[in-house]
Amino acid sequence: MLETLLEQRQALFNSHQASLSLLRQLDRRLLLWCEHHPDTRQPAIWPLTDGAINSGRLALLWLETNARLQPATLDTLLAELKDSLDQDTVTAVHWQLAACHSGVSLPAEGMVAEAAPTPETDLWSVMALARRGLEADCPSPWREWLAALEALRAGESVAGTRELMPRLWLVAQTVWPMWFYPLLLAAQEEQRSALVNWLMGHVDGADVIEAMGASGCVQFEPWLQELAEQGGPDAEVAATELEGLQTEGDDPTGLRLRQRHWWANWAGLEGAPWSLFGGHW
């Protein structure tokens with residue numbers, strides 16, 4: 001039953017039409033199941049090493065779920081993960097937790113972000129430090145990334161950001177959505193096409209189409225319409241993104257909008273869209 005609930009939860013995030021209310025209904029079922037089946041509170045029972053589900057996000061959900069069910073802090077529960085996951089994964093989960101929750105302590109080891117073992121953990125560590133006002137402790141080019149976010153939010157041109165992106169690509173191309181989407185959504189709407197144009201030379205067509213949808217910009221609708229009608233390998237992706245753009249305004253609680261809001265405002269929000277109950281905002 002536990003794996004069924006987790007698979008249903010993942011299916012919600014794979015759907016453009018899922019709502020926050022559906023996620024919260026499912027998470028209430030998850031909490032009740034774990035409350036009445038204490039063995040499921042053990043990390044070894046959860047499929048934390050299943051490659052089909054993001055282990056970092058699933059571990060974050062395990063931590064948040066157990067923090068609701070027992071008098072333990074997130075920091076205390078982190079120690080229990082060490083018996084179920086390798087050290088690098090535990091470190092990555094700790095940085096992700098600290099990036100999403102202000103009250104969590106930073107890892108005792110590897111306090112400097114550049115000590116992180118992977119690009120993903122590196123970026124989570126930067127986000128965790130920035131959330132605590134420690135931007136000066138972040139290595140380059142992530143200090144410049146944080147500065148670019150502030151500049152774009154202030155309405156500045158994307159020209160400087162486009163000059164920075166090759167450096168970000170060089171050190172973290174495998175996790176490009178983590179740094180690209182915050183930049184995209186920090187930019188003024190009329191400037192987002194310039195960032196998507198840069199992306200075209202670096203990722204495949206489906207990824208570019210998804211970025212168009214994630215931008216929330218109606219200016220991409222004619223292009224998506226044309227791609228959807230042309231057929232070809234990316235037609236289905238284009239049709240999905242087009243539908244998302246055209247219908248997301250009908251439900252202000254949709255998970256699609258919630259994820260976009262998080263990428264644009266992560267430093268001031270508690271939790272993440274994939275957190276228990278979709279975070280707290």
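## Close-up views of a helical model

Trp142, Trp145, Leu146, Ala148, Leu149, Ala151 and Leu152 are the buried residues of helix α7. Here, buried means under 20% relative accessible area, exposed over 50%, and partly exposed in between, with a 1.4 Å probe and protein chains only. The structure is a predicted model, where local features need pLDDT of at least 70 and side-chain atom pairs count only at pLDDT 80 or more, while totals for chains, interfaces and linings use all residues. Residues are numbered from 1 along each chain as its sequence is written, and side-chain values use heavy atoms, with hydrogens and water left out.

**View 1. Helix α7 and its cover.** Let us stay with α7, which runs over residues 142-153. Helices (H or I, at least four residues) and strands (E, at least two) are DSSP runs, numbered from the N terminus. The 12 residues of α7 reach 17 Å from the first C-alpha to the last, close to the 16 Å expected at 1.5 Å a residue; the expected span is 1.5 Å times one less than the number of residues. Among the elements that cover the buried residues of α7 are α6 (119-131), α8 (159-172) and α9 (176-186), where contact means heavy atoms within 4.5 Å. Just after α7, look for Gly155, which has a positive phi of about 90 degrees.

**View 2. Helix α6 is largely enclosed by the rest of the structure, because 11 of its 13 residues are buried.** The buried set is Thr121, Asp122, Leu123, Trp124, Ser125, Val126, Met127, Ala128, Leu129, Ala130 and Arg131. These buried residues pack against α5 (87-100), α7, α9 and α14 (255-265). From its first C-alpha to its last, α6 reaches 18 Å, close to the expected 18 Å. In the loop between α6 and α7 you will find Pro141, which is joined to Ser140 by a cis peptide bond with omega of about 10 degrees.

**View 3. Thr161 sits in helix α8.** With 5% relative accessibility, Thr161 counts as buried. Its contacts, leaving aside neighbours within four places in sequence, are Ala148, Leu152, Leu183 and Leu195.

**View 4. Helices α1 and α2 pack together, with axes that come within 10 Å and cross at roughly 165 degrees.** That makes α1 roughly antiparallel to α2. Axes are lines fitted to C-alpha atoms, for helices over the stretch in contact, and angles run from 0 to 180 degrees between N-to-C directions. Angles under 35 degrees count as roughly parallel, over 145 as roughly antiparallel, 65 to 115 as roughly perpendicular and the rest as oblique. The crossing of α1 (residues 2-13) and α2 (residues 20-36) is left-handed: the near helix is turned anticlockwise from the far one by less than a right angle, whereas clockwise would be right-handed. From α1, Leu2, Leu5, Gln8, Arg9, Leu12 and Phe13 meet Leu22, Leu23, Leu26, Asp27, Arg29, Leu30, Trp33 and Cys34 of α2. By class, this contact of α1 with α2 has 10 nonpolar, 1 polar and 3 charged residues. Ala, Val, Leu, Ile, Met, Phe, Trp, Tyr, Cys and Pro count as nonpolar, Asp, Glu, Lys and Arg as charged, and the others, Gly among them, as polar.

**View 5. Helices α9 and α14 pack at an angle of about 90 degrees, with their axes 8 Å apart.** That makes α9 roughly perpendicular to α14. Pro177, Met178, Tyr181, Pro182 and Leu185 on the α9 side meet Arg260, Trp263 and Ala264 on the α14 side. The contact of α9 with α14 has 7 nonpolar, no polar and 1 charged residues.

**View 6. The axes of helices α12 and α13 come within 8 Å and cross at roughly 145 degrees.** This crossing of α12 and α13 is left-handed. In α12, Glu221, Leu224, Gln225, Leu227 and Ala228 meet Ala235, Ala238, Ala239, Glu241, Leu242, Leu245 and Gln246 in α13. The residues of this contact divide into 8 nonpolar, 2 polar and 2 charged. Glu229, also in α12, is exposed, with a relative accessible area of 61%. From Glu229 to Ala239 is 10 residues in sequence and 8.3 Å in space, C-alpha to C-alpha.

**View 7. Phe277 lies in the segment after α14.** Though not a glycine, Phe277 has a positive phi of about 60 degrees. Its relative accessible area is 11%, so Phe277 is buried.
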